[in-house]
Amino acid sequence: MQQSVYDAVGGQPFFDQLVDRFYDGVADDPVLRPLYPEDLGPSRSHLAGFLAQYWGGPPHYSEERGHPRLRMRHAPFEIGVAERDAWMDHMRASVGESDLPDDIRTAMLDYFESAASHLINKQPPAPPSDSRRLPIS
């Protein structure tokens, strides 16, 4: 039987520490901070619980909050490339400070990159059209 990532990293304390480091960066980030409530405590708890469950821990997150529905939960917030990049910068730094085997580090970063990109819901403005250009025939 294969060990879960949750068990391999030492369980809930790992995810609590990962998320604490992440939110320590978010707390002073001019791009991300406006997206969060004043009290980051519940956000820390939710993310740590979600990640622990996602990586093989007990289903406490779903028991307390229901299905994760990440896109729906994030839909009220304008998330563009800048927000995704800032989020990833803080998560990469947090993961980077963790003592993880390379395969787990890679799996986590791949997941975070995919999930963060999936949550983009604000497209960059279209470049202005140049009405002086002739159409190509």
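# Notebook: rings and helix packing

**Aromatic rings.** I began with a search of the whole structure for aromatic pairs, and it turned up 12. One of them joins Tyr-54 and Trp-55 in an edge-to-face arrangement, with 5.0 Å from centre to centre and 80 degrees between the planes. I note both values since a pair of aromatic rings is described by the distance of the centres and the angle of the planes. I should say here that I am working with a predicted model.

Next I asked which residues the ring pairs link into a cluster. My list reads Phe-22, Tyr-23, Tyr-36, Phe-50, Tyr-54, Trp-55, Tyr-61, Trp-87, Tyr-111 and Phe-112.

**Tyr-54 and Trp-55.** Tyr-54 has a relative accessible area of 41%, so I wrote it down as partly exposed. Trp-55 comes out at 11%, which is under the 20% cut-off, and therefore it counts as buried. Tyr-54 belongs to helix α3, which covers residues 41-54. I also checked Tyr-54 against Pro-127: the two are 73 residues apart in sequence, and their C-alpha atoms lie 39 Å apart in space.

**Confidence.** How far can I trust the coordinates? The protein chain has an average pLDDT of 91, and 91% of the residues score at least 70. Helix α2 (residues 12-26) has the highest confidence in the chain, at 98, while helix α5 (residues 70-74) has the lowest, at a mean of 79. A reminder to myself: where pLDDT is low, the predicted coordinates should not be read in detail.

**α2 against α6.** I then turned to how the helices pack. The axes of α2 and α6 come within 8 Å and cross at roughly 140 degrees. The crossing of α2 past α6 is right-handed. On the α2 side I found Leu-18, Arg-21, Phe-22, Gly-25 and Val-26, and they meet Trp-87, His-90, Met-91, Ser-94 and Val-95 of α6.

**Two residues at that contact.** I picked Arg-21 from α2 and His-90 from α6, a helix that runs over residues 81-96.

- Arg-21 has a relative accessibility of 23%, so it counts as partly exposed.
- Beyond its neighbours within four places in sequence, Arg-21 is in contact with Ser-94, Glu-97 and Ser-98.
- Is His-90 buried or exposed? At 17% relative accessibility it is buried, because the cut-off is 20%.
- Not counting residues up to four places away in sequence, His-90 touches Phe-22, Gly-25, Val-26, Asp-29 and Leu-32.

**α6 against α7.** At what angle do α6 and α7 pack? The angle is about 165 degrees, and the axes are 10 Å apart. This makes α6 roughly antiparallel to α7, because the angle is over 145 degrees. α6 also passes α7 in a right-handed crossing. From α6, the residues Arg-84, Trp-87, Met-88, Met-91, Arg-92, Val-95 and Gly-96 meet α7. Their partners in α7 (residues 102-118) are Arg-105, Leu-109, Phe-112, Glu-113, Ala-116 and Ser-117.

Notes
Residues are numbered from 1 along each chain as its sequence is written. This is a predicted model: local features need pLDDT of at least 70, side-chain atom pairs count only at pLDDT 80 or more; totals for chains, interfaces and linings use all residues. Side-chain values use heavy atoms; hydrogens and water are left out. Helices (H or I, at least four residues) and strands (E, at least two) are DSSP runs, numbered from the N terminus. Buried means under 20% relative accessible area, exposed over 50%, partly exposed in between (1.4 Å probe, protein chains only). Contact means heavy atoms within 4.5 Å. Rings of Phe, Tyr and Trp (its six-membered ring) pair if their centres lie within 6.5 Å; planes under 30 degrees apart count as stacked, over 60 as edge-to-face and the rest as tilted. pLDDT is the predictor's confidence in each residue, from 0 to 100. Axes are lines fitted to C-alpha atoms, for helices over the stretch in contact, and angles run from 0 to 180 degrees between N-to-C directions. Angles under 35 degrees count as roughly parallel, over 145 as roughly antiparallel, 65 to 115 as roughly perpendicular and the rest as oblique. A crossing is left-handed if the near helix is turned anticlockwise from the far one by less than a right angle, and right-handed if clockwise.
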